[in-house]
Amino acid sequence: MTHTFESWTAEHVPDQSGKTVLITGANSGIGYFTARALAEAGAHVIVAGRDIDKVAQAIAKIDPQRVSGTLEAGLLDLASLASVNTFATDILGRHSTLDILVNNAGVMMPPAAKTEDGFEQQIGVNFIGHFALTGLLYDRLSQTPDARIVTLSSIAHRGGIIDFDNMKLEKPYDPKREYYQSKLADLMFALELGRRIDAKGHKLLSLACHPGFTTTELQRHLDPKFLEGMSFMDTWQGSLPTLMAATIAAPKQGSYYGPDGPGEFGGFPAIGAIDDAALDADTAQKLWDLGQSATGVRFP
Ligand SMILES: NC(=O)c1ccc[n+]([C@@H]2O[C@H](COP(=O)([O-])OP(=O)(O)OC[C@H]3O[C@@H](n4cnc5c(N)ncnc54)[C@H](OP(=O)(O)O)[C@@H]3O)[C@@H](O)[C@H]2O)c1
């Protein structure tokens, strides 16, 4: 930790009136609390999820009395590049501005599976799907004044290794190794995007964050015994690093936010520690090339 902000909470979110925000995987967990807080702050929030009934239920749970903004449902399956394309085309057709994109959706340690396009599910959803979505929406974001992209990583990025020979389940499946790889890829993506934005002279920010250990549906595939003795933050608190990245005034390009407690497991948002592996420029370049060739989306 290099800097803490005195117990920053959702009450510090500045007025978001007039802003359009898109959050992936916003029907549950951190995405849901992020959507709710930004709608309460006055934004128009697109709640995107892969199951439209779950999205509708999530929106219905938000108390309209507390919301000065508006909410919209979106159907997006990040395990399908066709779905990402259809969704992005629809968003571009209906929204002339896009102020904040939150690449939040994620899957952790599921049984072995591939995305529709043949990628191991965790790298496919957590990284490849978000790469395509960000690229397809990039021009709209960069044409919107003061826009930003926030990508969710994890403490798990620290143990990750990007293995370009194991993106499509070429090796025996190791759910933990594949999750760590995907969250390292998310952080490298956010940092490399920031560098590329700056190189182009575009006025856009790419930021990253992580929620420490937070109680959500993410743990659904884990053996409950594995979780015994671990302590998790409430979901509202785990959404704070995302809310800080999405709304804090004048952040530096490439900033990374996480909880300020020991090991960044819990606490209130602060600047988080980035593992050296995430700063490897050669791997970041190769990862970008992979994103472009896998999705056919070239940007910035
Ligand atoms: N909770 C933690 O302790 C923790 C720690 C580190 C990082 N994170 C990161 O935080 C982010 C949010 O996760 P969470 O903890 O809030 O878990 P969560 O409650 O399970 O939320 C994940 C969201 O992603 C959605 N999703 C999964 N696969 C998708 C797909 N193919 N297409 C579109 N959406 C999909 C889920 O939809 P369904 O409801 O339909 O499954 C859900 O809405 C993830 O990126 C995760 O890696 C969480």
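The model is predicted, so local features need pLDDT of at least 70, side-chain atom pairs count only at pLDDT 80 or more, and totals for chains, interfaces and linings use all residues. Residue numbers start from 1 along each chain, following the sequence as written.

**Around the ligand**

Let us begin with the ligand. A residue is near a molecule if its C-beta atom, placed from the backbone, lies within 6 Å of it. Of the 31 residues around the ligand, those that come nearest are G25, G29, G106, T216 and L218. By class, this shell has 12 nonpolar, 14 polar and 5 charged residues. Here Ala, Val, Leu, Ile, Met, Phe, Trp, Tyr, Cys and Pro count as nonpolar, Asp, Glu, Lys and Arg as charged, and the others, Gly among them, as polar. Which element gives the largest share of the shell? That is helix 1 (residues 29-40), with 3 residues.

**Two helices**

Helices are DSSP runs of H or I with at least four residues, strands are runs of E with at least two, and both are numbered from the N terminus. The expected span of a helix is 1.5 Å times one less than its number of residues.

| Helix | Length | First to last C-alpha | Expected span |
|---|---|---|---|
| Helix 1 | 12 residues | 17 Å | 16 Å |
| Helix 4 | 22 residues | 29 Å | 32 Å |

A residue is buried if 20 or more other C-beta atoms lie within 10 Å of its own, exposed if 12 or fewer, and partly exposed in between, with C-beta atoms placed from the backbone. Helix 1 is largely enclosed by the rest of the structure, because 11 of its 12 residues are buried. Among them are G29, I30 and Y32. Just after helix 1, G42 takes a positive phi of about 105°.

Helix 4 (residues 121-142) is mostly covered, with 20 of its 22 residues buried. A kink of about 40° is centred on L136 in helix 4; the bend at a residue is the angle between axes fitted to the seven residues ending there and the seven starting there.

**Two single residues**

T295 lies in helix 9 (residues 281-295). Is T295 buried or exposed? It has 20 other C-beta atoms within 10 Å, so T295 is buried. Leaving out residues up to four places away in sequence, T295 touches L81, I128, F131, A132 and G135, where contact means C-beta atoms, placed from the backbone, within 7 Å.

H12 sits in the segment before strand 1 (20-24). H12 counts as partly exposed because it has 15 C-beta neighbours inside 10 Å.

Note on methods. Two residues are in contact if their C-beta atoms, placed from the backbone, lie within 7 Å.
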